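Trainee: I have a new model open and would like to learn how to read it feature by feature. Could you take me through it?

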Amino acid sequence: LGGQASSAIVSRLLTDRSAKQSRVILPIGTNDVDTSGPTWWATIKTQLDRPIAHIGHSNWFWATPHRRASWAVDSTYDLATQYIIAAGIAEYGSAHVLDLRAVVDPAVDLADDVHWDDSGHLAVKNAVSAKMTALGW
């Protein structure tokens, strides 16, 4: 599902009949990036609400975008990322948000500006596993 905008990822999920019986991780938002936190959040929220309504249960969480290597801390893009993560927690609660900004260190976990290297994949795997354990999955 990687490399696509949120709407494409969600549309594919909505065609999966097993989603209503499954636990769902929604890794969306990275390819919808916007310098405006509120605009970016509106796009993400619209796309999160579609599968949440479709699956009809609370066994899901959103894996947020992480900070890219080219984004300095507190740069325009980084502040927008902080905004969407805070908005997601406010809207859905921390149980439904996995903050990958706090997990992926761009200085050591990225093979390029965006994509995880081996250490990034391991960091995300461990964070997803910990979130699933915390949720009793």
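Mentor: Buried means under 20% relative accessible area, exposed over 50%, and partly exposed in between, with a 1.4 Å probe and protein chains only. Keep in mind that this is a predicted model, where local features need pLDDT of at least 70, side-chain atom pairs count only at pLDDT 80 or more, and totals for chains, interfaces and linings use all residues. Residues are numbered from 1 along each chain as its sequence is written, and side-chain values use heavy atoms, with hydrogens and water left out.

Trainee: Where is S119 found, and with which residues is it in contact, leaving aside its neighbours within four places in sequence?

Mentor: Helices (H or I, at least four residues) and strands (E, at least two) are DSSP runs, numbered from the N terminus. S119 is in helix α4, residues 118-134. Contact means heavy atoms within 4.5 Å, and beyond the neighbours within four places in sequence, S119 is in contact with V108 and D109. S119 and D105, 14 residues apart in sequence, have their C-alpha atoms 9.4 Å apart.

Trainee: How many helices and strands are there in the protein, and how do the elements run from the N terminus on?

Mentor: The protein has 4 helices and 3 strands, and from the N terminus on the order is α-β-α-β-α-β-α. For the overall form, the radius of gyration is taken over C-alpha atoms, and the globule rule is 2.2 Å times the number of residues to the power 0.38. Here the radius of gyration is 14 Å, close to the 14 Å that the rule gives for 137 residues, so the protein is as compact as a globular protein of that length. The C-alpha trace spans about 40 × 30 × 25 Å along its principal axes. Of the 137 residues, 38% count as buried.

Trainee: Which residues have the most contacts inside the largest nonpolar core?

Mentor: A nonpolar core is a set of buried Ala, Val, Leu, Ile, Met, Phe, Trp, Tyr and Cys residues joined through side-chain atoms within 4.5 Å. The largest one has 22 residues, and those with the most contacts inside it are W41, I44, L48, W60, W62 and I84. At least two residues of this core come from each of α1 (6-14), β1 (24-26), α2 (37-55), β2 (60-63) and α3. The largest share, 6 residues, is supplied by α2. A second, separate core of 9 residues includes F61, L98, L100 and V124.

Trainee: What does W41 touch, not counting residues up to four places away in sequence?

Mentor: On that count, W41 touches L48, W62, Y83, I84, A87, G88, E91 and Y92. For the protein overall, take the contacts between residues at least 6 apart in sequence: 68% of them join residues at least 24 apart.

Trainee: How should I read a backbone angle, and which residue has a positive phi although it is not a glycine?

Mentor: Most residues other than glycine have a negative phi, and most peptide bonds are trans. D74 has a positive phi of about 65° although it is not a glycine. D74 lies in the loop between β2 and α3 and is partly exposed, with a relative accessible area of 46%.

Trainee: Where is the place of D34, and what does D34 touch?

Mentor: D34 sits in the loop between β1 and α2 and, at 25% relative accessibility, counts as partly exposed. Not counting residues up to four places away in sequence, D34 touches T39, W40, Y77 and A80.

Trainee: Is A90 buried or exposed?

Mentor: A90 counts as exposed, at 69% relative accessibility. Its place is in helix α3, residues 76-92. A90 and D112 are 22 residues apart in sequence and 31 Å apart in space, C-alpha to C-alpha.
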